[in-house]
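Student: I would like to learn how to read the inside of a protein model. Could we go through one together, feature by feature?

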Amino acid sequence: MTDLDDAYANMPYIPGGADYPARWAEAAAAYRDEAMMVQVGYGPGVRRQIDLFLPMGGQKGLIIFVHGGYWMKFSPQDFSHLARGAVEAGWVVAMPGYDLAPEMRIEQITGLIAMAVAELARRFSGPIRLVGHSAGGHLVARMLAPGMLPDEVASRIEKVVPISPVSDLAPLLRTSMNATLRLDAAEAGRESPVHQPVPGVPVHVWVGAEERPVFLEQARGLAEAWACPLTVEPGRHHFDVIEGLEAESPLLAAVIA
């Protein structure tokens, strides 16, 4: 293991870290049993499906949540429970799936998320807010790159909240995970949100105070590059920082306020 492999390893440094994926899956399945959920596709393949969670009554707008997993793991079905807070506040929540590395390169995954956002914009009217965690934080930040989305879609994005995002991909070139990601220097540069122009859309970067130093650096780097707010939430690590999306909390307020 290289020093950077260790730096980007979350699970060994979180108490009970290995238990979190099973806990997420269980909570997600329980929420799907009680929620109003439908599924729509945005392209061929079993992973190009979007889970939609619908509120009772009126709809304030659309929140799109993109999951993490270093572009290599997980699916929306592992995180369904994170829709609860926004749905109860009257928002439609969409969770797009996407093909994973090594079958897809990161820039291709970015393209898939752009396709999913455009499809959702076609299906729903009103404002759109984007939130993503870790690799998902990277992906929602990439949606703000010039020309990434059609103008009529980009103009409807009201706010973006990258949670613990990977905003500079260059360090990943020197990790063992790059055998799967297959990044080269050129793609890492193109896919790094820190190198994008400052967006005209409000962005609020969020990260846990107990996260690994590299994730604190990645979050600060994006906030500084884009001159946008950064919240370092006390007592939160990389795996539980997303729990605020489940109910009324400062994180949920940052997304829906």
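Tutor: Start with helix H5, residues 135-142, which is mostly covered: 8 of its 8 residues are buried. Buried means under 20% relative accessible area, exposed means over 50%, and partly exposed lies in between, with a 1.4 Å probe and protein chains only. Helices (H or I, at least four residues) and strands (E, at least two) are DSSP runs, numbered from the N terminus. This is a predicted model, in which local features need pLDDT of at least 70 and side-chain atom pairs count only at pLDDT 80 or more, while totals for chains, interfaces and linings use all residues. Residues are numbered from 1 along each chain as its sequence is written, and side-chain values use heavy atoms, with hydrogens and water left out.

Student: What do the buried residues of H5 pack against?

Tutor: Contact means heavy atoms within 4.5 Å. The buried residues of H5 pack against strands S3 (62-66), S5 (128-133) and S6 (157-163), and against helices H4 (106-123), H8 (185-190) and H9 (213-226).

Student: How many residues are in the largest nonpolar core?

Tutor: In soluble globular proteins, nonpolar side chains tend to be buried together. A nonpolar core is a set of buried Ala, Val, Leu, Ile, Met, Phe, Trp, Tyr and Cys residues joined through side-chain atoms within 4.5 Å. Here the largest one has 60 residues, and Tyr 98 and Trp 71 are among those with the most contacts inside it. H4 gives the most to this core, with 9 residues. Apart from it lies another core, of 28 residues, including Phe 65 and Leu 245.

Student: Which residues line the largest cavity?

Tutor: On a 1 Å grid over the protein atoms alone, a cavity is a set of points where a 1.4 Å probe fits but cannot get out; lining residues have an atom within 4 Å of a point. Grid points are joined across faces, edges and corners, and a volume is the space filled by probe spheres set on the points. The largest cavity holds about 70 Å³ of space, and its lining includes Phe 65, Ala 83 and Leu 245.

Student: Where is Tyr 70, and is it buried or exposed?

Tutor: Tyr 70 sits in the loop between S3 and helix H3 (84-88). Tyr 70 counts as buried because its relative accessibility is 12%. Its phi is near 55°, a positive value in a residue other than glycine.

Student: Which residues does a cis peptide bond join?

Tutor: Ala 101 and Pro 102, with omega about 5°.

Technical notes:
1 Å grid on protein atoms, 1.4 Å probe; cavity = no way out; pocket = protein on both sides within 12 Å on 5 of 7 lines; lining within 4 Å.
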